[in-house]
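Here is a short walk through one model. Keep the structure in view and follow the residues as they come up.

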Amino acid sequence: MADHNTEKEFERRISEYSAMIHKVCRMYAYTEADRQDLFQEIVIHLWKAYPKFRDESKFSTWLYRVALNTAVTGLRKQKKFITSYEAEHLPHHVADEKGAEEEQWIQLYEAIAQLSEIEKAIVMLYMEGRNYDEMEEILGISQGTLRVKMTRIKDKLRQLTKNK
């Protein structure tokens, strides 16, 4: 059983990094109910793994690794998440933007929804501004392989958005 200080520290860290967890949920679950379920599942997995976290890597890196593994494992086990975005479930870049830029964002998110689980994770980390060192640590994929995958993903996204 965890002591009170451990619980408080965990709650503080989850609160501080909840936006990261929500990003993973938005990438892998497309209805609000599924996002809430996935969020809870990720927090449960983080809590179970928290005693093993030893500050050998950044907390955010460890959190991403656990969150992504939970999301991908959940997809494989449950097969209950839909595989593509419905237009009404797409996140909007900025709510008050109109016109061509908004349409480009919608097309991009629709294209991202068609990627594999690992490709989505790479794109999400890339869009977060993570460098290849951090991606390697989070995903456990070598930098060389990540660079090749990123080139292929960019080509795939260009093709998917060009066809719109």
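Glu134 and Arg130 meet in a salt bridge, at 3.5 Å from N to O. Both residues are buried. Keep in mind that this is a predicted model.

The structure holds 10 salt bridges. Some of them share partners. Turn to helix H1, which spans 4–16. Here Glu9 forms a salt bridge with Arg12, and their closest N and O atoms are 2.6 Å apart. Why can these two be placed about one helical turn apart? They sit three residues apart in helix H1, so about one turn separates them. Arg12 also has a salt bridge with Glu16, with the closest N and O atoms 2.7 Å apart. Glu16 and Arg12 are four residues apart in H1, again about one turn.

Glu16 is partly exposed, at 47%. Salt bridges with shared partners join Glu9, Arg12, Arg13 and Glu16 into one network.

Now look at the nonpolar side. The largest nonpolar core has 41 residues. Val24, Tyr28, Leu46, Trp62, Leu68 and Leu139 touch the most other members. Elements giving two or more residues to this core include helix H1, helix H2 (18–28), helix H4 (59–78) and helix H7 (132–139). Helix H4 gives the largest share, nine residues.

Finish at Leu68. Which residues does Leu68 contact, leaving aside neighbours within four places in sequence? They are Val24, Tyr28, Ala121, Met124, Leu125, Ile138 and Leu139.

Terms used. Residues are numbered from 1 along each chain as its sequence is written. This is a predicted model: local features need pLDDT of at least 70, side-chain atom pairs count only at pLDDT 80 or more; totals for chains, interfaces and linings use all residues. Side-chain values use heavy atoms; hydrogens and water are left out. A nonpolar core is a set of buried Ala, Val, Leu, Ile, Met, Phe, Trp, Tyr and Cys residues joined through side-chain atoms within 4.5 Å. Buried means under 20% relative accessible area, exposed over 50%, partly exposed in between (1.4 Å probe, protein chains only). Contact means heavy atoms within 4.5 Å. A salt bridge is a side-chain nitrogen of Lys or Arg within 4 Å of a carboxyl oxygen of Asp or Glu.
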